Amino acid sequence: VRAAVLGGRSLGLGLLLLLAAAALEVKRPRGVSLQNRHFYEENIPFTCLDGSKTIPFHEVNDDYCDCKDGSDEPGTSACPNGSYHCSNAGHRSEYIPSSHVNDGICDCCDTTDEYNSGATCLNTCKEQGRKERETLQKMAEMAKEGFKLKQQLIEDAKKNREEKQLKLAELQKEKANWEIQVESLRILKEAAEKPEQEAKEMHKNAWDEVQAAHNLEKNKAKAAETFKELDDNEDGFITMNEIQTHAELDSDGDGVVSEQEAETLLGGASHVDVASFQEVVWAGIQDKYKSEAVTETPIVPVEGGADSSREVDHEDHRKDEDEEDYGEGQDDGVGDDDSEDDGEEEEEEEEEDGAGEDYYKNRQSYV
């Protein structure tokens, strides 16, 4: 803003200087500007502007260069390093090299640089001044319009910024309210889910206890069955000799269970009862022990002779009758025996599951 104001002031000041230069013409030596006029006082010795020399005033512009800086010849071309000031009344003044003075070419719009060359020059300062003033006026108007536009843009930007700040404040307030609601709902959700989670955890723990108890009972039953198998003399005790009959219990890999190994397996005792076997021995041998229970297939002896042949024929006849009965009964239901076997297996599994469920129910009523 300040730059725009200063620019407008500068343009206005330039216009005023042009008008003043057109209306005022102060007497001074040729080629001297108004700013340096006080250095060139008549009837007073002239001192070079660089201070190198002082000469009589009548030697100024005598077409002989006396000063090193060329300041004693402002209106001639005697000094190569001098400069000539064009007043250019009606237009802006300017400096030209002193070598351009009286060279036959019009450099100043007021034609003062060709005062003794005989060149025909036209004074175009007023026309140039008018054109420049118009240009400056247009520039001043453009600067003024630009300043107005800038002010308008600044106001619009301030307004938009204020609106956005208000909108941001509203959104932040809404965000805070939503966060409070979300936190409240989270607390309610956790409070509602807590009993359910506690109930699930309680039921899970109870079911784990039921399963553990059921597995423990099965393990005890397996231990009791193994005890019976090892107790060869059925005296209610398992001795080292009875342990030694099972080579799979060998610990050193020699294929034989020594007395020391048997004693170690029995927990340092020579014999154990069923309770000690379940508590001490069973855990150490259950992974190695191989049950002696083997399903044996009965062998029917076949003897030679007519009686044997008749018995075989009789058996073949019975098989044929059974096959006929089976063929006739296919439509009535195939696989009844298998169904009965499957039913028995399912009943056994249901009994085991029922036992677990009964234990679980008892546990739940206790809890």
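View 1. C106 is partly exposed, with a relative accessible area of 33%, where partly exposed lies between buried (under 20% relative accessible area) and exposed (over 50%), using a 1.4 Å probe and protein chains only. A disulfide, here a pair of cysteine sulfur atoms within 2.5 Å, joins C106 to C121, with 1.3 Å from S to S. The torsion about the S-S bond is -55°, and the link of C106 and C121 is left-handed. C106 and C121 both sit in the loop between β4 and α2, 15 residues apart, with helices (H or I, at least four residues) and strands (E, at least two) taken as DSSP runs and numbered from the N terminus.

This is a predicted model, in which local features need pLDDT of at least 70 and side-chain atom pairs count only at pLDDT 80 or more, while totals for chains, interfaces and linings use all residues. Residues are numbered from 1 along each chain as its sequence is written, and side-chain values use heavy atoms, with hydrogens and water left out.

**View 2. The disulfide of C48 and C67.** The sulfur atoms of C48 and C67 lie 1.8 Å apart and form a disulfide. This pair links distant parts of the chain, since C48 belongs to the loop between β1 (46–47) and β2 (54–55) and C67 to the loop between β2 and β3 (83–86), 19 residues apart. The torsion about the S-S bond of C48 and C67 is about -80°, so this disulfide is left-handed. Both cysteines, C48 and C67, are buried.

**View 3. The disulfide of C86 and C108.** C86 is joined to C108 by a disulfide, with 1.6 Å from S to S. Distant parts of the chain are linked here: C86 is in strand β3, whereas C108 is in the loop between β4 (94–97) and α2 (125–230), 22 residues apart. C86 is buried, with a relative accessible area of 0%, and C108 is also buried, with a relative accessible area of 3%.

**View 4. The disulfides within the whole chain.** A search of the whole structure finds 5 disulfides. When the bonded cysteines of the protein chain are numbered in sequence order, the pairing reads 1-3, 2-4, 5-7, 6-9, 8-10. The protein chain has 7 helices and 6 strands, and from the N terminus its elements follow the order α-β-β-β-β-α-β-α-α-β-α-α-α. Of the 367 residues in the protein chain, 20% are buried.
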